[in-house]
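Biologist: I would like to learn to read this structure feature by feature. Please start with a single residue.

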Amino acid sequence: MFPDQRLSQDQHLDFARHFGPLETSIAVYRKDARLRLRKEFADVSNLDHDNELWRKESRLRLFQLSNRLWHTDSSFKRLPARASLLYARAIPPVGGHTEFADERAAYDALPEDMKRRLDRLVAEHSIFNSRARLAFTNFSDEERQQMPPVPQVLVRTIPETGRKSLYLASHAGRIVGMPEHEGRALIDELIAHATQRQFVYTHRWRVNDLVMWDDRCTMHRGTDFDDLRWKRDVQRATVSDAANSCEQEGIEIAAA
Ligand code: OGA
Ligand code: MN
């Protein structure tokens, strides 16, 4: 966490680029969204392109609501995020925190037979899974085709430390080789395990905080606030990982 930063959009992106190549926001795929920020940013604010609060019925609002579910960024992309850098320009007086769960600690705390069961399992991640969890399914075929489900391992090794970590998200749906309902039940059980109090840090934002996290071994979620009353202006730069998580574990997957 870097407090009291005064960053232009360019400075924020330049700093993020030190850690690797940046993602382009998936908002570029959306027909409804005119971008408020440069295309490298994920605009996580509750503002429209005129810097006004979004409206209750806006599609953007529905889309972002899934940030309240535990997830890791861009696991629905074949090449997911390695790190995220979120910067706060405006913060509501009540709520709107971000919670983080340490999936390495959560992995360590699993019973040995569960660790064995998870070894080399692969889940399919899709942005439409996390949206469907909140009953948001109104997407065109074109939108769906642009972001097909991608494989990610359930347990990964962090190369720099050799430590194992769960790799979970509300984007995860089917587990490969398992009936769908069983896979989903297992994912929900693991997310519940990984987000117990002892694994979670809550960041209570102040304006000009820059918070950086490792998407490979943490999950996060935003907490509730009165989004039709207060502006919460936060923007995220996202660094891509080196390879798909299955590829990093030496598990063969179909070519993209
Ligand atoms: C994100 C995100 C949650 C929040 O920026 O990736 O999920 O609290 N943010 O804004
Ligand atoms: Mn996120």
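Modeller: Aspartate 48 is partly exposed, with a relative accessible area of 25%. The classes are buried for under 20%, exposed for over 50%, and partly exposed in between, using a 1.4 Å probe and the protein chains only. This is a predicted model, in which local features need pLDDT of at least 70 and side-chain atom pairs count only at pLDDT 80 or more, while totals for chains, interfaces and linings use all residues. Residues are numbered from 1 along each chain as its sequence is written, chains are lettered from A and ligands numbered from 1 in the order in which they are written, and side-chain values use heavy atoms, with hydrogens and water left out.

Biologist: Where is aspartate 48 found?

Modeller: Aspartate 48 sits in the loop between strand S1 (41-43) and helix H2. Helices (H or I, at least four residues) and strands (E, at least two) are DSSP runs, numbered from the N terminus. The C-alpha atoms of aspartate 48 and leucine 110 are separated by 43 Å, and the two residues are 62 apart along the chain.

Biologist: Which helix holds leucine 65?

Modeller: Leucine 65 lies in helix H2. At 34% relative accessibility leucine 65 counts as partly exposed. From leucine 65 to aspartate 214 there are 149 residues in sequence and 22 Å in space, C-alpha to C-alpha.

Biologist: Now the sheets. What is the strand order in the sheet that contains S9?

Modeller: In general, strands of a sheet pair through backbone hydrogen bonds, either parallel or antiparallel. Here two strands pair if DSSP finds at least two bridges between them. The order is S9-S3-S11, an open sheet of 3 strands with antiparallel pairing. Strands S9 (200-203) and S11 (218-222) are at the edges with a single partner strand each, so one side of each is left without a neighbour in the sheet.

Biologist: How many bridges join S3 and S11?

Modeller: Strand S3 (residues 98-102) pairs with S11 over 5 bridges, in the antiparallel sense. Glutamate 99 has arginine 221 in S11 as its bridge partner.

Biologist: What is the order in the sheet built around S4?

Modeller: That open sheet of 3 strands, also with antiparallel pairing, runs S5-S4-S8. Its edge strands are S5 (150-153) and S8 (172-175), and each pairs on one side only. S4 and S5 run antiparallel and are joined by 4 bridges. Proline 151 in S5 is the bridge partner of glutamate 124.

Biologist: Which strand pairs with S6?

Modeller: Strand S6 (residues 155-158) pairs with strand S7 (residues 163-166) over 4 bridges, antiparallel. Isoleucine 158 has arginine 163 in S7 as its bridge partner. The hairpin of S6 and S7 has 4 residues between the strands, and there glycine 162 takes a positive phi near 75°.

Biologist: Last, pockets. How much space lies in the second largest pocket?

Modeller: On a 1 Å grid over the protein atoms alone, a pocket is an open set of points with protein on both sides within 12 Å along at least five of seven lines, and lining residues have an atom within 4 Å of a point. Grid points are joined across faces, edges and corners, and a volume is the space filled by probe spheres set on the points. The second largest pocket holds about 360 Å³. It is lined by 23 residues, of which Gln64, Asn67, Arg68, Phe225 and Arg232 are the closest to its centre. Helix H2 (59-65) and S11 each supply at least two residues of this lining.

Notes
On a 1 Å grid over the protein atoms alone, a cavity is a set of points where a 1.4 Å probe fits but cannot get out, and a pocket is an open set with protein on both sides within 12 Å along at least five of seven lines; lining residues have an atom within 4 Å of a point.
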